[in-house]
Amino acid sequence: MDFEQWVNRDDEPMFSRWGYTLETGQKRVSVVYQGRPAPVPNPKLTIDALNHPIFAWRNWRVSTDR
């Protein structure tokens, strides 16, 4: 089961639910594809699911448990 906040429930192009832009201050930010079209079909998860800090914490824990 995926973390509920990471799931792309609305079937939209890639976006961040917790992004931020200095220009608009908006929290939800779409990914801008430059030089290529957006992937089809839309991704199952948001970009927030990629490289989440919990993975760095887990790697640190594994390396210190030895």
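These legends accompany an overview and several close-up views of a predicted model.

**Figure 1. Overview of the protein chain, with one helix and two strands.** The elements run β-β-α from the N terminus on. Strand β1 covers residues 15-16. Strand β2 covers 29-30, and helix α1 covers 53-64. The chain has 66 residues, and buried residues make up 21% of them. Take the contacts between residues at least 6 apart in sequence: 50% of them join residues at least 24 apart.

**Figure 2. The aromatic pair of Phe3 and Trp6.** The structure holds one aromatic pair. Phe3 and Trp6 form it, in an edge-to-face arrangement. Phe3 is partly exposed, at 45% relative accessible area. Trp6 is buried, at 12%. Trp6 is also one of the residues that Leu45 touches.

**Figure 3. The salt bridge between Arg9 and Glu4.** The whole structure contains two salt bridges. In this one, the side chains of Arg9 and Glu4 meet at 3.0 Å, N to O. Arg9 is partly exposed, with 47% relative accessibility. Glu4 is partly exposed too, with 44%. Arg9 is also among the residues touched by Arg17.

**Figure 4. Arg28 with its partners Glu12 and Phe15.** The side chains of Glu12 and Arg28 form a salt bridge, at 2.5 Å from N to O. This bridge links distant parts of the chain, 16 residues apart. Glu12 belongs to the segment before β1, while Arg28 sits in the loop between β1 and β2. Glu12 is partly exposed, at 27% relative accessible area. Arg28 is partly exposed as well, at 31%. Arg28 also lies over the face of Phe15. There it is 3.8 Å from the ring centre.

**Figure 5. Arg17, a buried arginine in the loop between β1 and β2.** The relative accessible area of Arg17 is 15%. Arg17 therefore counts as buried, since the limit is under 20%. A polar atom of the Arg17 side chain lies 2.8 Å from the backbone oxygen of Val7. Beyond four places in sequence, Arg17 touches Gln5, Val7, Arg9, Lys27, Arg28, Thr46 and Asp48. One of these, Arg28, is eleven residues away in sequence. In space, the C-alpha atoms of Arg17 and Arg28 are 4.7 Å apart.

**Figure 6. Ser16 in strand β1.** Ser16 is buried, at 10% relative accessibility. A polar atom of its side chain lies 3.3 Å from the backbone nitrogen of Trp18. Leaving out residues up to four places away in sequence, Ser16 touches Lys27, Arg28, Val29, Ile47 and Asp48. Lys27, Arg28 and Asp48 are also among the residues that Arg17 touches.

**Figure 7. Leu45 in the loop between β2 and α1.** Leu45 is partly exposed, with 26% relative accessibility. Leaving out residues up to four places away in sequence, Leu45 touches Asp2, Trp6, Val7, Asn8 and Met14. Met14 is 31 residues from Leu45 in sequence. Their C-alpha atoms are 8.0 Å apart in space.

**Figure 8. Two backbone details, at Asp11 and at Pro41.** Most residues other than glycine have a negative phi, and most peptide bonds are trans. Asp11 has a positive phi of about 50°, although it is not a glycine. Asp11 is placed in the segment before β1. The peptide bond from Val40 to Pro41 is cis, with omega near 0°. Pro41 lies in the loop between β2 and α1. Leu45, shown in the previous view, lies in the loop between β2 and α1 too.

Key. Residues numbered from 1 in each chain as written. Predicted model: local features only at pLDDT ≥ 70, side-chain atom pairs only at ≥ 80, totals over all residues. Heavy atoms only, no water. Phe/Tyr/Trp six-rings, centres within 6.5 Å; stacked < 30°, edge-to-face > 60°. Buried < 20%, exposed > 50% of the residue type's maximum accessible area, 1.4 Å probe, protein only. Lys NZ or Arg CZ within 6 Å of the ring centre and 35° of its normal. Helix = DSSP H or I, 4+ residues; strand = E, 2+ residues; numbered from the N terminus. Polar contact = N/O pair within 3.5 Å; in protein donor to acceptor, adjacent residues only side chain to side chain. Contact = heavy atoms within 4.5 Å. Salt bridge = Lys/Arg side-chain N within 4 Å of Asp/Glu carboxyl O.
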